[in-house]
Amino acid sequence: MSSLHTILVVDDDQSIVELLRDFLENDYFQVITACDAEQAWNAFQSEPIHCIVLDIMMPGQNGFELCRRIRAESDVPILFLSARSDDVDKIRGLTLGGDDYIVKTASPGEIVARVKAVLRRADTRQPKAEQILDYGRIKLNLTAREVFVEGNNVVLTPKEYELLRLFAEHPRQVFTYDQLLAKFWDGVGDRHTIRVHLSRLREKIEGDPNQPQYLVNVWGIGYRFEGG
């Protein structure tokens with residue numbers, strides 16, 4: 001898998017960039033590096049990028065602003081890299097469309113593992129036979145990885161899509177917070193992480209996100225998909 005994927009590493013700390021490059025290339029990833037948002041944007045525009053490891057605090061445009069810019073035209077997986085571990089930055093990053101949030105105290109090996117995990121979830125290899133999940137107002141084309149709400153194609157991030165697919169493939173099954181963290185975040189994170197992603201997903205698929213008909217909260221336990 002690794003040799004087919006190009007990772008863009010964005011950080012103004014050259015020592016971190018070189019360390020991550022060494023570890024990623026040792027796992028046969030192709031690596032492109034940038035020291036600021038403008039270099040990263042130019043690389044993103046000119047190269048096929050499969051995943052971005054993005055520092056938050058950089059001179060000029062910060063990582064949050066760059067993420068917003070990228071999300072306007074792409075659902076490429078983005079892993080935020082930050083020296084801060086507080087929930088405010090984490091929630092903001094996930095709300096803007098980040099797929100994961102990694103504190104810089106994490107080992108390079110753990111960061112590579114998180115890159116692999118998010119790429120597995122975003123893998124676009126298609127099944128041979130077209131598969132459609134039809135819940136009336138919401139339809140999922142599993143073959144094309146497309147989601148339609150009232151006939152309109154809705155753009156989801158890779159993690160949003162995989163979350164919706166899991167629920168849609170198991171209607172009325174309750175998935176606990178711990179199960180969701182283990183499957184989509186390798187057990188790293190908390191309930192805030194899940195709530196942020198589910199809230200963003202509801203905004204895209206529900207008629208009224210404040211009174212969801214599909215993604216229903218099971219208080220204190222997790223979520224289930226009602227299927228309309």
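**Briefing: helix packing and selected residues**

Gly109 lies in helix H5, where helices (H or I, at least four residues) and strands (E, at least two) are DSSP runs numbered from the N terminus. The model is predicted, with local features needing pLDDT of at least 70, side-chain atom pairs counting only at pLDDT 80 or more, and totals for chains, interfaces and linings using all residues. Residues are numbered from 1 along each chain as its sequence is written, and side-chain values use heavy atoms, with hydrogens and water left out.

**The chain as a whole**

- The secondary structure of the chain comprises eight helices and twelve strands.
- The chain has a radius of gyration of 18 Å, close to the 17 Å that the globule rule gives for 228 residues, so it is as compact as a globular protein of that length; the radius is taken over C-alpha atoms, and the rule is 2.2 Å times the number of residues to the power 0.38.
- The C-alpha trace of the chain spans about 50 × 40 × 30 Å along its principal axes.
- Of the 228 residues, 49% count as buried, where buried means under 20% relative accessible area, exposed over 50%, and partly exposed in between (1.4 Å probe, protein chains only).
- Among contacts in the chain with a separation of 6 or more, 58% are accounted for by residues 24 or more positions apart, a contact being heavy atoms within 4.5 Å.

**Helices H1 and H5**

- Helix H1 (residues 14–26) packs with helix H5 (residues 108–121) at an angle of about 60°, their axes lying 10 Å apart; axes are lines fitted to C-alpha atoms, for helices over the stretch in contact, and angles run from 0 to 180 degrees between N-to-C directions.
- That angle makes H1 oblique to H5, given that angles under 35 degrees count as roughly parallel, over 145 as roughly antiparallel, 65 to 115 as roughly perpendicular and the rest as oblique.
- On the H1 side, Leu19, Leu20, Phe23 and Leu24 meet Pro108, Gly109, Ile111, Val112 and Val115 of H5.
- The residues of this contact of H1 with H5 divide into eight nonpolar, one polar and no charged, where Ala, Val, Leu, Ile, Met, Phe, Trp, Tyr, Cys and Pro count as nonpolar, Asp, Glu, Lys and Arg as charged, and the others, Gly among them, as polar.
- Gly109 counts as partly exposed at 37% relative accessibility, and its C-alpha atom is separated by 8.8 Å from that of Leu24, 85 residues apart along the chain.

**Helices H2 and H3**

- Helix H2 (residues 37–46) and helix H3 (residues 63–71) pack at an angle of about 20°, with 10 Å between their axes, which makes H2 roughly parallel to H3.
- H2 passes H3 in a right-handed crossing, and the contact is made by Ala37, Glu38, Ala40, Trp41 and Phe44 of H2 together with Leu66, Arg69 and Ile70 of H3.
- The residues of the contact of H2 with H3 divide into six nonpolar, no polar and two charged.

**Two loop residues**

- Asp99, in the loop between helix H4 (87–95) and strand S5 (100–103), is buried, with a relative accessible area of 0%.
- Leaving aside neighbours within four places in sequence, Asp99 is in contact with residues including Arg71, Leu94, Val118, Lys159 and Trp185.
- Ala122, in the loop between H5 and strand S6 (132–135), is buried, with a relative accessible area of 16%.
- Beyond its neighbours within four places in sequence, Ala122 is in contact with Pro77, Arg145 and Pro158, while its C-alpha atom is separated by 9.0 Å from that of His50, 72 residues apart along the chain.

Definitions and conventions
A crossing is left-handed if the near helix is turned anticlockwise from the far one by less than a right angle, and right-handed if clockwise.
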